[in-house]
Amino acid sequence: MALRSIAVAWMMLATGGVNALAEEPSTPPPPPPEQVVRWVDFQAPERGFAVSLPSPPQKSIEAIAGQNPLIRHSFKSYEGEDTVYTVVVLEYPTGKAPNPPSEAMYVKMISAYAKESSSKVRKRGAKSIAGQDGFEAITDESKAKLNHQVSIVPSGDRIYMLISAGPRGHVPSEDADRFRDSFRLTDASSHSAAEPPAPSP
């Protein structure tokens, strides 16, 4: 067969193939699977609590200036770029924690948080959390358009703060409540206070 005839034959096959593809009904590609956040049960037995988080937490510890030996432990879990869930554990020396905590103390803690986060308190009041009498507030950042839910849970020589913050509409939301409601105490009876972190050389 001449080269010209071969070329024509290939062109005919190619054209037929294109036409055959063109005649098939076009179906849209399947949508990409939704990114599902798999929350995990995080346990901190040495700090006496467990909670559900969307990602492994970043941990930190520091002594509170002027109130030594009050120690603050922080467990911070991120979901995306603008939502964060934090458990703060304030550990007092044995027998030194406010017992029972007063409403004035709760209000002072919430006011300090609002000032630190540049937010304004929208709502606050008593709240039962993890079977304990506690306190809860919602604060808003107008410039950053962020909502914060701050729950305070006293237990023995510890005070826990559960902080959920995200874009407008985050509070109230299922995830914010899920975080708070998943919190549970695993050692409410006693604890060994951690030593203050050593000063940096």
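User: In this predicted model, how do the residues lining the second largest pocket divide by class, and how many are charged?

Analyst: The model is predicted. The lining of the second largest pocket has four nonpolar and two polar residues. Its residues include Lys123, Arg124, Glu136 and Asp177. The number of charged residues in this lining is six.

User: Which element gives the most to the lining of the second largest pocket?

Analyst: Strand S6 (120-129), S7 and helix H3 (174-182) each give two or more residues to this lining. With five residues, the element that gives the most is S6.

User: Which element gives the most to the lining of the largest pocket?

Analyst: The largest pocket has a volume of about 910 Å³. Among the residues closest to its centre are Arg72, Tyr113 and Met161. Several elements supply at least two lining residues each, including S4, S5 and S9. The one that gives the most, with six residues, is H2.

User: Which element supplies the largest share of the largest nonpolar core?

Analyst: This core has 19 residues, and Met109 is one of those with the most contacts inside it. Met109 is in contact with Leu90, Ile152, Ile159 and Met161. The largest share of the core, six residues, comes from H2.

User: Is Lys76 buried, partly exposed or exposed?

Analyst: Lys76 is found in strand S4 (residues 71-79), and its contacts include Pro57, Val84 and Tyr85. Buried would require under 20% relative accessible area and exposed over 50%. Because the value for Lys76 is 31%, this residue is partly exposed.

Notes
Residues numbered from 1 in each chain as written. Predicted model: local features only at pLDDT ≥ 70, side-chain atom pairs only at ≥ 80, totals over all residues. Heavy atoms only, no water. Helix = DSSP H or I, 4+ residues; strand = E, 2+ residues; numbered from the N terminus. Buried < 20%, exposed > 50% of the residue type's maximum accessible area, 1.4 Å probe, protein only. Contact = heavy atoms within 4.5 Å. Core = buried A, V, L, I, M, F, W, Y, C linked by side-chain atoms within 4.5 Å. 1 Å grid on protein atoms, 1.4 Å probe; cavity = no way out; pocket = protein on both sides within 12 Å on 5 of 7 lines; lining within 4 Å. Points joined across faces, edges and corners; volume = space filled by probe spheres on them. Nonpolar A, V, L, I, M, F, W, Y, C, P; charged D, E, K, R; others polar. Lists of a residue's contacts leave out its neighbours within four places in sequence.
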